[in-house]
Amino acid sequence: MAARSKRTSAPTTFRWQRFHPALQPGDRLTVAAKREAPMPVHFSQSDLDGACGVHCVASVLVILGLAKSHALTLSSRRKYGVPADLWRAFADCWFSGCSPLDLADRLDGTELPLQTEVVTADMGDVEQFAVSALSRGELVMVGFTSVLNRLTNHWALGVGSEGVQTGQRAVVDSLLLLDPGESEPVFRCFNARMRHLDGAERRKLARRVSLNRTASYWWYEAPTSGGEPVRLDSAVRIRRT
């Protein structure tokens with residue numbers, strides 16, 4: 001009698017998203033506050049300022065429970081407390097913006113209970129650093145520049161990750177962002193996404209521009225700005241100590 005062949009079922013494949021545990025999606029993205037109504041997290045950047053990094057830091061302070069949203073909107077008028085510390089640290093670069101190392105130095109100089117770690121493209125693997133931290137549910141500011149027009153040079157706050165699970169193997173292919181240049185998210189935790197370019201997309205892009213073999217290229221997309229290829233240049237992980 002012939003031996004009966006064993007059937008092996010194919011592993012289940014599905015997509016997943018993970019976010020920072022403090023985030024509460026709804027008609028506004030909020031975090032819980034002690035003895036108060038939930039506080040909104042998103043801060044909107046204007047068309048004139050270059051303070052996208054500061055807006056991201058403000059969101060971090062709210063998410064980590066170090067400041068109140070309303071108080072941060074009055075930072076320039078406060079003399080004491082975390083909002084005043086934030087304004088003193090970043091007021092002089094409100095219109096010009098700041099580099100990753102400068103941003104971390106300014107934060108460290110505030111004596112807030114925060115720990116920063118910076119990785120830039122010339123220091124290490126920015127992609128691996130950002131993906132690993134976001135996969136652990138941490139907050140990571142990501143700095144990226146446009147590939148085609150060289151006009152975008154921007155900060156957004158990474159609040160989660162997205163990917164594919166096949167059996168026991170999970171692969172992150174997207175970073176989920178809270179972008180101060182975009183409108184406030186409604187009934188979700190992010191308002192922008194960076195999706196990793198696959199091989200075919202990267203080759204197609206290489207026919208238009210000269211690509212760095214070691215650089216990390218992604219497709220940035222958001223509701224109001226459409227999509228564009230970008231290069232991930234830096235990441236700043238911020239933890240509460």
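Thr30 lies in strand E2 (residues 30–33). Helices (H or I, at least four residues) and strands (E, at least two) are DSSP runs, numbered from the N terminus. This is a predicted model, in which local features need pLDDT of at least 70, side-chain atom pairs count only at pLDDT 80 or more, and totals for chains, interfaces and linings use all residues. Residues are numbered from 1 along each chain as its sequence is written, and side-chain values use heavy atoms, with hydrogens and water left out.

Thr30 is buried, at a relative accessible area of 12%. Buried means under 20% relative accessible area, exposed over 50%, and partly exposed in between (1.4 Å probe, protein chains only). Neighbours within four places in sequence aside, Thr30 is in contact with Ala22, Leu23, Gln24, Pro38, Met39, Pro40 and Val41. Contact means heavy atoms within 4.5 Å.

**Strand E5**

Strand E5 covers residues 139–146. Eight of its eight residues are buried, so E5 is largely enclosed by the rest of the structure. Both faces are covered. Leu139, Met141, Gly143 and Thr145 lie on one side, with Val140, Val142, Phe144 and Ser146 on the other.

E5 has two antiparallel pairings, tabulated here. Two strands pair if DSSP finds at least two bridges between them.

| Partner of E5 | Bridges | Example bridge pair |
|---|---|---|
| E10 (residues 226–240) | eight bridges | Leu139 with Ile238 |
| E6 (residues 153–166) | six bridges | Val142 with Ala156 |

E5 and E6 form a hairpin with six residues between them. In the turn, Arg150 has a positive phi of about 65°.

**Helix H3 and the cores**

Helix H3 spans residues 81–90. Its residues Val82, Pro83, Ala84, Leu86, Ala89 and Phe90 are buried. The buried residues of H3 pack against helix H1 (52–63), helix H2 (69–73) and helix H4 (100–108).

A nonpolar core is a set of buried Ala, Val, Leu, Ile, Met, Phe, Trp, Tyr and Cys residues joined through side-chain atoms within 4.5 Å. The largest one holds 41 residues. Leu61, Phe90, Leu103, Met141 and Leu157 touch the most other members. H1, H3, H4, strand E4 (114–120), E5, E6 and E10 are the elements that give two or more residues to this core. H1 provides the largest share, nine residues. Another core lies apart from it, with 21 residues, among them Val126, Val142, Phe144 and Ala235.

Leu103 is in contact with Gly53, Val57, Phe90, Cys98, Met141, Trp155 and Val236, leaving aside neighbours within four places in sequence.

**Cysteines**

A disulfide is a pair of cysteine sulfur atoms within 2.5 Å. By this rule the count is zero disulfides. Cys52 is in none; its nearest cysteine sulfur, that of Cys56, is 6.4 Å away. Cys52 is buried, with a relative accessible area of 5%. The sulfur of Cys189 is 16 Å from the closest cysteine sulfur, in Cys56, too far for a bond. Cys189 also counts as buried, at 6% relative accessibility.

**The largest pocket**

On a 1 Å grid over the protein atoms alone, a pocket is an open set of points where a 1.4 Å probe fits, with protein on both sides within 12 Å along at least five of seven lines; lining residues have an atom within 4 Å of a point. Grid points are joined across faces, edges and corners, and a volume is the space filled by probe spheres set on the points. The largest pocket has a volume of about 520 Å³. Of its 28 lining residues, Phe144, Thr152, Asn153, His154 and Trp155 are the closest to its centre. E5, E6 and E10 each supply at least two lining residues. E10 gives the most, with five residues.
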